[in-house]
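Here are my notes for a colleague opening this entry for the first time. Please keep the structure in view while reading.

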Amino acid sequence: MNTHMIAEPLIEQTCHLTIDDFYTLLDEHEVLVVDVRNYDEQPVIDGFADRRLPLDQLASYLDELDADAIVFVSQHGNRSL
């Protein structure tokens, strides 16, 4: 995992995480998990994400997202980029 990418709070920085990297990130940083799928794409899974914000609503809430690292989750990974 590239910890340099995590340390700098630039929204333009992205990376793909393996599940091992994700758990390391959770252990070492304050992480906010944001599910950007549309509400009708999947049932709500308790404890899966800290926030559910469909991608088309995300821009309105960016100022409210505060953590050492933010992990965006989507159906196939394209929207989370």
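The points below go from the overall build to single residue pairs.

1. Ground rules. This is a predicted model, in which local features need pLDDT of at least 70 and side-chain atom pairs count only at pLDDT 80 or more, while totals for chains, interfaces and linings use all residues. Residues are numbered from 1 along each chain as its sequence is written, and side-chain values use heavy atoms, with hydrogens and water left out.

2. Overall build. The protein has 3 helices and 3 strands. Helices (H or I, at least four residues) and strands (E, at least two) are DSSP runs, numbered from the N terminus. Read from the N terminus, the order is α-α-β-β-α-β.

3. Cover and surface. The protein has 81 residues, and 25% of them count as buried. Buried means under 20% relative accessible area, exposed means over 50%, and partly exposed lies in between (1.4 Å probe, protein chains only).

4. Contacts along the chain. Take contacts between residues at least 6 apart in sequence: 48% join residues at least 24 apart. A contact here means heavy atoms within 4.5 Å.

5. The sheet. Three strands make an open sheet, ordered S2-S1-S3, with parallel pairing. S2 and S3 are the edge strands, and each pairs on one side only. Two strands pair if DSSP finds at least two bridges between them. S1 is joined to S3 (residues 69-73) by 5 bridges, and to S2 (residues 51-52) by 2 bridges.

6. Partners across the sheet. Val33 stands opposite Val71 in S3. Asp35 has Val73 in S3 as its bridge partner. On the S2 side, Val34 stands opposite Arg51.

7. How many residues of strand S1 are buried? The count is 5 of 5, over residues 31-35. Side chains in a regular strand alternate between the two faces of the sheet. In S1, Val31, Val33 and Asp35 are buried on one side, and Leu32 and Val34 on the other.

8. Asp35 and Arg37. The whole structure holds 2 salt bridges, a salt bridge being a side-chain nitrogen of Lys or Arg within 4 Å of a carboxyl oxygen of Asp or Glu. One joins Asp35 to Arg37, with the closest N and O atoms 2.8 Å apart. Asp35 counts as buried because its relative accessibility is 2%. Arg37 is buried too, at 10%.

9. Arg51 and Glu64. These two also form a salt bridge, with closest N and O atoms 3.6 Å apart. Arg51 lies in S2 and Glu64 in the loop between helix H3 (55-61) and S3, so the pair ties together parts that are 13 residues apart in sequence. Arg51 is partly exposed at 24% relative accessibility. Glu64 is partly exposed as well, with a relative accessible area of 49%.

10. A nonpolar patch. Ile19, Tyr23 and Leu26 make a nonpolar surface patch of about 300 Å². Patches are made of residues with over 30% relative accessible area and no salt bridge; like charges are joined within 9 Å, nonpolar side chains (Val, Leu, Ile, Met, Phe, Trp, Tyr) within 5 Å. Leu26 sits in helix H2 (residues 19-28). Its relative accessible area is 34%, so Leu26 is partly exposed.

How values were computed: Areas by Shrake-Rupley, 256 points an atom, 1.4 Å probe, with all protein chains shown as cover.
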